[in-house]
Amino acid sequence: MRGFCMNYYNKIVKYSGYLASGLFITIGFIVSYEVIARYIFNSPTIWVNEVSRFLQIWATYLALTYSFHKKDFIRITVIYDRLNDSGKKILDFISFIFILIFSSFVVYYGWLIAYDSLKVGRTSSTILDVPSFLTEFAIPLCFAFLVLRVVLETIKYLRDFIR
């Protein structure tokens, strides 16, 4: 059962990375469309700015857990590269704890903000009038996936370190 859940979770992480990539590509296309419409046809759109911002928020946070899973986070390597495997594992563990604490705060407070927007019906201040919850929910949802991933990686590191 545990292996099945991990496989399912790993697929979610993998496809969230693919979805983020697709969203970034879509942003490129719609912004290019806006540039052509505005400067060549002198007919700007009213929707590209808000839609691209919406997609960028989701793409960025969807890529968060995928980046962590692939170990593509930014790392200052001046000290890290000079350490042996045990030292690297200790620094990784310390960084996991910091990421876990920070991400937990983001999940909690991000949910409070998103839920408040849903409760009061807050919308964007543009002509599209998109519910703010749709954008704000990306933050607690994607950081919750990151928290789960960090917990799993921490357990794995602890098992490897004890051995």
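1. Confidence first. Across the protein, helix H3 (residues 77-80) has the lowest confidence, with a mean of 79, while helix H4 (residues 85-120) has the highest, at 91. The score here is pLDDT, the predictor's confidence in each residue on a scale from 0 to 100. The protein averages 87, and 96% of the residues score at least 70. Helices are DSSP runs of H or I with at least four residues (strands would be E, at least two), numbered from the N terminus.

2. Some bookkeeping. This is a predicted model, so local features need pLDDT of at least 70 and side-chain atom pairs count only at pLDDT 80 or more, while totals for chains, interfaces and linings use all residues. Residues are numbered from 1 along each chain as its sequence is written, and side-chain values use heavy atoms, leaving out hydrogens and water.

3. Salt bridges. The whole structure has three of them, where a salt bridge is a side-chain nitrogen of Lys or Arg within 4 Å of a carboxyl oxygen of Asp or Glu. As background, side chains of opposite charge can pair when their charged atoms come close.

4. The H1 pair. Arg38 and Glu34 form a salt bridge at 2.7 Å, N to O. Both residues sit in helix H1 (residues 2-39), four residues apart, or about one turn of the helix. For burial, the cut-offs on relative accessible area are under 20% for buried, over 50% for exposed and in between for partly exposed (1.4 Å probe, protein chains only). Glu34 is buried at 10%, whereas Arg38 is partly exposed at 37%.

5. Asp116 with Arg122. Here the closest N and O atoms are 2.9 Å apart. Asp116 is partly exposed, with a relative accessibility of 30%, and Arg122 is partly exposed too, at 34%.

6. The H6 pair. Arg149 and Glu153 meet in a salt bridge at 3.3 Å, N to O. They are four residues apart in helix H6 (residues 138-162), so about one helical turn separates them. Both Arg149 and Glu153 are buried; for Glu153 the relative accessible area is 7%. Leaving aside residues up to four places away in sequence, Glu153 touches Phe68, Lys71 and Phe96, a contact being heavy atoms within 4.5 Å.

7. H6 as a whole. This helix has 25 residues and spans 36 Å from first C-alpha to last, close to the 36 Å expected at 1.5 Å a residue. The expected span is 1.5 Å times one less than the number of residues. Its buried residues include Cys142, Phe143, Leu146, Val147 and Tyr157.

8. The cavity. A search of the whole structure turns up one cavity of 30 Å³ or more. The largest cavity has a volume of about 40 Å³ and is lined by Ile12, Val13, Ser16, Tyr61, Leu62, Thr65, Cys142 and Phe145. H1, helix H2 (48-69) and H6 each give two or more residues to that lining. On method, a cavity is a set of points on a 1 Å grid over the protein atoms alone where a 1.4 Å probe fits but cannot get out, and lining residues have an atom within 4 Å of a point. Points are joined across faces, edges and corners, and the volume is the space filled by probe spheres set on them.

9. Ile46 lies in the loop between H1 and H2 and is exposed, at 59% relative accessible area.

Note on methods:
On a 1 Å grid over the protein atoms alone, a cavity is a set of points where a 1.4 Å probe fits but cannot get out, and a pocket is an open set with protein on both sides within 12 Å along at least five of seven lines; lining residues have an atom within 4 Å of a point.
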